[in-house]
Amino acid sequence: MVLGVGMSKFKSALSDVRFVTRKIICMSHKDARKLHPYISKRKGVKSTYTRDAVFILEYDATRIQWDAIIAFIENSGITLKKNFFTGLRYRWYAFVDNNLKDHAEYLPEVTTKG
């Protein structure tokens, strides 16, 4: 299979999609600030910042997934806010990250008329 101009544009567009931005809601501003040194050094993390008790994280979902981030945070002893809506959001984040990872290497079959 030879990649044409259309396929290279398609692959380029897909490479931009792999970066996601996620909100992690902590119990306090102090907990959100504690996350920065732990998370910012992980492979695949592009940027981090805090706003009140919210830790905002941008990362490459093909290199690190949401489940690993949450496990790392919980093992560090930092308490996250947990309710129905954060649970729903976190499950959605995990679904999207796994989907991005699964499709990162996928290229659709190209057929040529001939």
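1. Thr-86 touches Ile-25 and Lys-81, with residues up to four places away in sequence left out of the count; contact means heavy atoms within 4.5 Å. Thr-86 is found in helix H4, residues 84-102. Helices (H or I, at least four residues) and strands (E, at least two) are DSSP runs numbered from the N terminus. The residue is buried, and its relative accessible area is 4%. Buried stands for under 20% relative accessible area, exposed for over 50%, and partly exposed for values in between (1.4 Å probe, protein chains only).

2. Basis of the values. This is a predicted model, in which local features need pLDDT of at least 70 and side-chain atom pairs count only at pLDDT 80 or more, while totals for chains, interfaces and linings use all residues. Residues are numbered from 1 along each chain as its sequence is written, and side-chain values use heavy atoms, with hydrogens and water left out.

3. Overall make-up. The protein has four helices and three strands. Read from the N terminus, its elements follow the order α-β-α-β-β-α-α. Of its 114 residues, 32% count as buried. Among contacts with a separation of 6 or more, 68% are between residues 24 or more positions apart. The protein exposes about 7,800 Å², of which carbon and sulfur atoms supply 55%; such areas come from the Shrake-Rupley method with a 1.4 Å probe, and for residues only the protein chains shown count as cover.

4. Nonpolar core. Which members of the largest nonpolar core touch the most other members? Ile-24 and Tyr-59 do, out of 24 residues. Strand E1 (19-25), helix H2 (29-39), strand E3 (54-60), helix H3 (66-75) and H4 each supply at least two residues of this core. H4 gives the most, with five residues. A nonpolar core is a set of buried Ala, Val, Leu, Ile, Met, Phe, Trp, Tyr and Cys residues joined through side-chain atoms within 4.5 Å.

5. Ile-24. Leaving out residues up to four places away in sequence, the contacts of Ile-24 are Leu-35, Ala-53, Val-54, Phe-55, Leu-57, Trp-66, Ile-69, Ile-73, Leu-80 and Tyr-90.

6. The structure holds five salt bridges, each a side-chain nitrogen of Lys or Arg within 4 Å of a carboxyl oxygen of Asp or Glu. One of them joins Asp-97 to Arg-22, with the closest N and O atoms 2.8 Å apart. This pair links distant parts of the chain, since Asp-97 belongs to helix H4 and Arg-22 to strand E1, 75 residues apart. Buried or exposed? Asp-97 is buried, at a relative accessible area of 0%, and Arg-22 is buried at 7%.

7. Lys-34 forms a salt bridge with Asp-31, and the closest N and O atoms are 3.8 Å apart. Both residues lie in helix H2, three residues apart, about one turn of the helix. Lys-34 is partly exposed, with a relative accessible area of 39%, whereas Asp-31 counts as buried at 12%.

8. Glu-58 is bridged to Lys-46, the closest N and O atoms being 3.8 Å apart. Glu-58 in strand E3 and Lys-46 in strand E2 (residues 45-51) are twelve residues apart, and the pair links distant parts of the chain. Glu-58 is partly exposed, at 22% relative accessible area, and Lys-46 is exposed, at 53%.

9. Charges over rings. The charged end of Lys-46 also sits over the ring of Phe-19, 4.7 Å from its centre. Arg-42 lies over the face of Phe-72, at 4.2 Å from the ring centre. The criterion is NZ of Lys or CZ of Arg within 6 Å of the ring centre and within 35 degrees of the ring normal.

10. Aromatic pairs. The structure holds six aromatic pairs. The rings of Trp-92 and Phe-95 have centres 5.5 Å apart and planes at 35°, so this pair is tilted. Rings of Phe, Tyr and Trp (its six-membered ring) pair if their centres lie within 6.5 Å; planes under 30 degrees apart count as stacked, over 60 as edge-to-face and the rest as tilted. Trp-92 and Phe-95 are three residues apart in helix H4, a separation of about one helical turn. Trp-92 counts as exposed, at 53% relative accessibility. Ring pairs also link Trp-66, Tyr-90 and Tyr-93 into a cluster; of these, Trp-66 and Tyr-90 are among the residues that Ile-24 touches.
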